Amino acid sequence: MARTMEPVAKKIFKGVLVAELLGVFGAYFLFNKMNTSQDFRQTMSKKFPFILEVYYKSIEKSGMYGVREQDQEKWLNSKN
């Protein structure tokens, strides 16, 4: 019985591994895009505000303060 499950277990393991790698690279891409583009952060604030909140909290925990305030100031000035 164990021998017949080995190929299935390997396929499941590979699938989980690929899914995790895609998740890590996707998270890195998203963080990098938000970290370098204020316009992208504005788009995220409209479509996915909870993701932007996680971004702000993560950079504040790393010691970078003021990004949220700069974004809000620019977005308010662009409306006027």
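**Figure 1. Contact of helix α2 with helix α4.** Gln38, Asp39, Arg41, Gln42 and Ser45 of α2 meet Val67, Gln70, Asp71, Lys74, Trp75 and Ser78 of α4. Contact means heavy atoms within 4.5 Å. Helices are DSSP runs (H or I, at least four residues), numbered from the N terminus. By class, this contact has two nonpolar, five polar and four charged residues. Ala, Val, Leu, Ile, Met, Phe, Trp, Tyr, Cys and Pro count as nonpolar, Asp, Glu, Lys and Arg as charged, and the others, Gly among them, as polar. The model is predicted: local features need pLDDT of at least 70, side-chain atom pairs count only at pLDDT 80 or more, and totals for chains, interfaces and linings use all residues. Residues are numbered from 1 along each chain as its sequence is written, and side-chain values use heavy atoms, with hydrogens and water left out.

**Figure 2. Geometry of α2 and α4.** The two helices pack at an angle of about 85°, and their axes are 11 Å apart. α2 is therefore roughly perpendicular to α4. Axes are lines fitted to C-alpha atoms, for helices over the stretch in contact, and angles run from 0 to 180 degrees between N-to-C directions. Angles under 35 degrees count as roughly parallel, over 145 as roughly antiparallel, 65 to 115 as roughly perpendicular and the rest as oblique.

**Figure 3. The two sides of α4.** Val67, Arg68, Asp71 and Trp75 are buried in α4. They fall within an arc of 100° seen down the helix axis, so they line one face of α4. The arc is that of the directions from the helix axis to the C-beta atoms. An α-helix has 3.6 residues a turn, so residues three or four places apart point the same way. The buried residues of α4 pack against α2 (38-47) and α3. Gln70, Glu73 and Leu76 are exposed on the other side of α4. Buried means under 20% relative accessible area, exposed over 50%, and partly exposed in between (1.4 Å probe, protein chains only). The end C-alpha atoms of α4 are 19 Å apart, which agrees with the 18 Å that its 13 residues should span at 1.5 Å a residue. The expected span is 1.5 Å times one less than the number of residues.

Figure 4. Lysine 74 belongs to helix α4. Its relative accessibility is 37%, so lysine 74 counts as partly exposed. Neighbours within four places in sequence aside, lysine 74 is in contact with Gln38 and Asp39. Isoleucine 12 is 62 residues from lysine 74 in sequence and 47 Å away in space, C-alpha to C-alpha. Glutamine 72 also lies in α4. Glutamine 72 is partly exposed, at a relative accessible area of 42%. From glutamine 72 to valine 18 the separation is 54 residues in sequence and 37 Å in space, C-alpha to C-alpha.

**Figure 5. Contact of α3 with α4.** Helix α3 (residues 49-61) and helix α4 (residues 67-79) pack at about 135°, with axes 9 Å apart. The pair is therefore oblique. α3 contributes Leu52, Glu53, Tyr55, Tyr56, Lys57, Ile59 and Glu60, and α4 contributes Val67, Arg68, Asp71 and Trp75. The residues of the contact of α3 with α4 divide into six nonpolar, no polar and five charged.

**Figure 6. The two sides of α3.** α3 has 13 residues and reaches 18 Å from its first C-alpha to its last, close to the 18 Å expected at 1.5 Å a residue. Leu52, Tyr55, Tyr56 and Ile59 of α3 are buried. They cover an arc of only 95° around the axis, which puts them on the same side of α3. Phe50, Val54 and Lys61 are exposed on the other side of α3. Glycine 63 follows α3, with a positive phi near 100°.

**Figure 7. Contact of α2 with α3.** The axes of α2 and α3 come within 6 Å and cross at roughly 130°. α2 is therefore oblique to α3. Arg41, Met44, Ser45, Lys46 and Lys47 of α2 make the contact with Pro49, Ile51, Leu52 and Tyr55 of α3. By class, the contact of α2 with α3 has five nonpolar, one polar and three charged residues.

**Figure 8. Phenylalanine 31 in α1.** Helix α1 (residues 2-36) holds phenylalanine 31. Phenylalanine 31 is partly exposed, with a relative accessible area of 35%. Neighbours within four places in sequence aside, phenylalanine 31 is in contact with Tyr55, Ser58 and Ile59. The C-alpha atoms of phenylalanine 31 and isoleucine 59 are separated by 10 Å, with the two residues 28 apart along the chain.
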